[in-house]
Amino acid sequence: MKFTVADLLDQLPAHEALPLTKLEKALGLSQKAEKQQLQIGLDGLTKLGLVEISDAGIARREDPELIPARLRCSSKGFCFALREDGGEDIYIRDHQLNHAWNGDRVLVKVTREGGRRRSPEGGVQCILERHTTSLLAQVEQQEERLVATPLDDRLLTAVELPAGDATHLDSEQSSVVEVLVDRYPVGQFAPLGHVARCLPVNGGEAADLDLLLTKHRLHNRPQPPRATLKALAAKERTDLTGQAALLLEPWSGKEAPGLPALALEEREGGWTLWVHTPAIAERFANGTALDAWLRNQADAYCVGRQWLPLLSPALAKASAFKVGEVQAALSVSLELSTDGKLEHYRFCRSQIQPVAAAGLEALTALGDRKPKSRTVPAALKGLKDQLPLLEQLIAVTGLLRQQRQAGSLDLNLPLPAIDSLGDLAVPGPDAPLEGWMVTLEPHHPLALLREAVLVAEQALGQHLQTLELPAVYATNAPADANDLNDVARSALALDIPLELSEEGNASGAELAAAFAGTDRSRPLQQQLQAILKPIQLSSAPGAHALSGWLEEDAALAPWCCPTLHYADIWNQQLLVLLLTEGKDRPSVRHKTTVDLASDACHGAIDWPLLAPSQLTPFLEAQEHGLVQRLNGRRRFLAELQADLLAMLQARQAEPLVGQVLPGVISGVQSYGFFVEVPPSQVEGLVHVSSLKDDWYEYRSRQNRLVGRKNRRTYMLGDQVEVEIQKVDALRHQIDLAVVLPEGVMADGDGLAEGADDADDARALEHDHDPFAPIPVLSEA
C-alpha cells in the first residue's frame, strides 16, 4: 500500500475538514486501486472513531484515551508500548496485541491503571505504521507448512511461504533469506511472504554489512529526485573570505559528511568564535520533492568504514567546504567572555574560504608536542602557519567545556578499538543521541567541534524562542532522581565513597566524578549511562541537561550539522527565511530598524516578523507529525549503530570459542550476570543455571549474587575468568561459563531466588532498545 494509517492521519488538519480530492492528492494517489484502499482505510478509521466524514470532507477526531506509542517486545512474549509523549510505558498482553509486531507504531488504550509496582496495562486499538516490511529469516518445513522463522526473536510469529521457496531450505544454516511480507496476519490467518534473496552467514565483512543493511531495510534506499539547485549570489552574502577558517576532519570513511568550519578572533574582553556551517537549506525550497526526500531520509548513517549519506550527491558536492575554495555558508559569531560564557551572538549568510584542514593525526601530534618546542612534527608541516590559531581554539573550547560540565557529564566509555568500526568509533560533533558526552582529549577534532556547535545551537534556540518562531528544539531531560539514587546505592554497596546532598541525592555529574577514580569505574559508569535520558526533538523548548542548561525554558535548536540530520536543515530553512524575509521595522514609514540577525533585537519587536503564509509550511509540518517522525528515525539510527557494534563484537569473539579469558562483571540480575571481555568489550551472559557449585541469592541493592553455602559472591566490577562457549553473531548472543576456583566442586543446582521470566524480559527489553526505559512488569 502506498500510504500508512499514520500518513493518512498526518494529512488531516486538526480543526477543519479536508475534501477527499485534496487528501488523495496529498497522499499522492492517482490509481483507482489506491483510492479504493484509501476508502477502506477511512471506513475502518471511522468505525474506530478516529475520523469523521461529512459533506465538507474528512476531519480528524481527537480521542484522549488513544495513546500514540511504539511497541517493544522481548523474546519471552512480554510487550510494552513506549508512549511518544514520554509517559509511563504500558504493558500489553499477547492477546491484546491485535496482530501488532515489535517496532510498530500503534494507538493504545489503557485498560488497567498502574500501581506503585505495576505498569498500566492496555490493548492495541489501531496499527498506525508497520515497522517490519521485510525481515531476515531461516526457512523451515513444519509438517505441511513452509515457514520463515525470523532471526529477530522479538517477532513472535512465523511467516508462511509459497511451496516454491523450499529451494532455500538449508539444514546446515549456512545462509539466511530476506523475506518480503506480502500480508500481515488477519484474524485466524497467518502472515504471508516470499523469499526475495539468499544471503551467506559467514561471507566476510562485506557480506555482514549486507546482512545489516538488509535487516534494517537500507540496502535499497530510494534515489533522490531530480532537482535544480539554486545558485547563491555572492553579493547577498557577508564576505568572510579573509578570515582564517579551519576545517576539522575527524572522519575518513567513504562518503563521510562534511562538518562545520571554525574561526577565532581575539577581542577586548574575550574572543569571537565563528561557526560556519554548509549552506544546505538555501539551495532548494521548502516543500519540494527534494525536501520531502531529505525529510524521509532524516539522517546520515555511519556503517563502519563507509557512510550512507543524508544529502544527494549533487547537493553534497555543491555545498562542500574545501581548502582554498570560496563557498557559501551560514555563520554565527559568538562573543565569549574570558571565562567562556556566551555574551552576544549574530547570524549571517556568508562566504568563507578555509585556509587549512586538520585531522586527528595532526591534532594528536599537536597535543603530544612539548611546549615551546622549536621542531614541527611531520604531521603538522602543512599547518605551521595555523598552529597559534589551533592552540587558541583548544584553549577556548576548553573553557566552553568547563562551563558545560557544570551541569552535564562526560563518561569514559569509548567504543572498542575494532578496525571495522571505522568512523562509528568517533562521536559526532552534535549533541549525541544517548544524552552524554564521551570523554575526549582536549586536542581531539571532535572535542573542539562539539563545544563550539553546542554553543551555536544554544544561540539559535534562544533566538528563535525569543522571536516566537516555530522551530525544532533538542531537549534532554535530567535523569530521574530515584534512578540516580539507585546507582548511588549500588556504588555505596561497593564501598565507593560518595558525597551526597542534605536530601541524600547526587547528580549524574557528581556520580560520574566519584566513579572516575575507582577500580570499578567502567561498570559503574555503564550503570549511570543506562539511566540517562536520550536527546529528544520537540516543537517546544525544554530542559537540556547535556548542555548544562537545566532550566525548564532552556532552548537548543540544532542547525550546525545539516549534512547529518534533517532537523538541522529544517532549522536552517527557518533561519534563512528570517534573515532574508524578516521585517526589521513595523512599516516602511519607520526609519529605525532592528537587527533581526542579532540578540540585540530581543525585546524591541512588537510586530509580526513574517507573513502567515511564510510560516504556514513550518506550522503544518509540525502539526503533521514532523517531530515524531524524526524522533522515530533517531531511534532507528540508534538501533542500527547498536546492531553494527554487536555484530562486530560477536565476530571478534567467534575465534575465541573454547578459550578462557579474563573479564569484568558489567551487570548483575537474578538470572545471572553479564561479563565484558576485552579488548573488543564483547558482553556475554553467565546464566545462573550454569553456576553448579551452590544456590545463589540475588541481592539487587548490592548488585551481587551470593552463594547460600559457600558465600561466594559475584558482584558488579569483579574480575572473573570465563570460557566463551557459544557465539551467535546474527543474534548477537554470547554464552559464557564462569571458571570456578581450583578445587571447587560443581554440585549445586545453580538457581537464584527471583530468577523468573519477568526479570529476563526486563533485561531483554532494555538491552535491545537504547531509548527504552526499564519498565515495571505487572504483578497480575
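The model is predicted, so local features need pLDDT of at least 70 and side-chain atom pairs count only at pLDDT 80 or more, while totals for chains, interfaces and linings use all residues. Residues are numbered from 1 along each chain as its sequence is written, and side-chain values use heavy atoms, with hydrogens and water left out.

Begin with the open sheet of seven strands, ordered 13-20-19-16-15-14-21 with mixed pairing; strands are DSSP runs of E of at least two residues, helices are runs of H or I of at least four, both numbered from the N terminus, and two strands pair if DSSP finds at least two bridges between them. Strand 13 (238-239) and strand 21 (356-359) are the edges, each pairing on one side only.

Select residues 261-267 and 270-278 next, which are strands 15 and 16, running antiparallel and joined by seven bridges; Ala-261 has His-276 as its bridge partner in strand 16.

Now select Leu-334, whose contacts (heavy atoms within 4.5 Å) include Trp-271, Val-275, Tyr-345 and Ala-456. Leu-334 and Leu-294 have the most contacts inside the largest nonpolar core, of 138 residues, where a core is a set of buried Ala, Val, Leu, Ile, Met, Phe, Trp, Tyr and Cys residues joined through side-chain atoms within 4.5 Å, and buried means under 20% relative accessible area with a 1.4 Å probe, protein chains only. Helix 9 gives the most to this core, with twelve residues.

Finally, select helix 12 (residues 521-531), where the buried residues include Pro-523, Leu-524 and Leu-528; among the elements covering them are helix 10 (481-493) and strand 26 (660-669).

Key: Buried < 20%, exposed > 50% of the residue type's maximum accessible area, 1.4 Å probe, protein only. Lists of a residue's contacts leave out its neighbours within four places in sequence.
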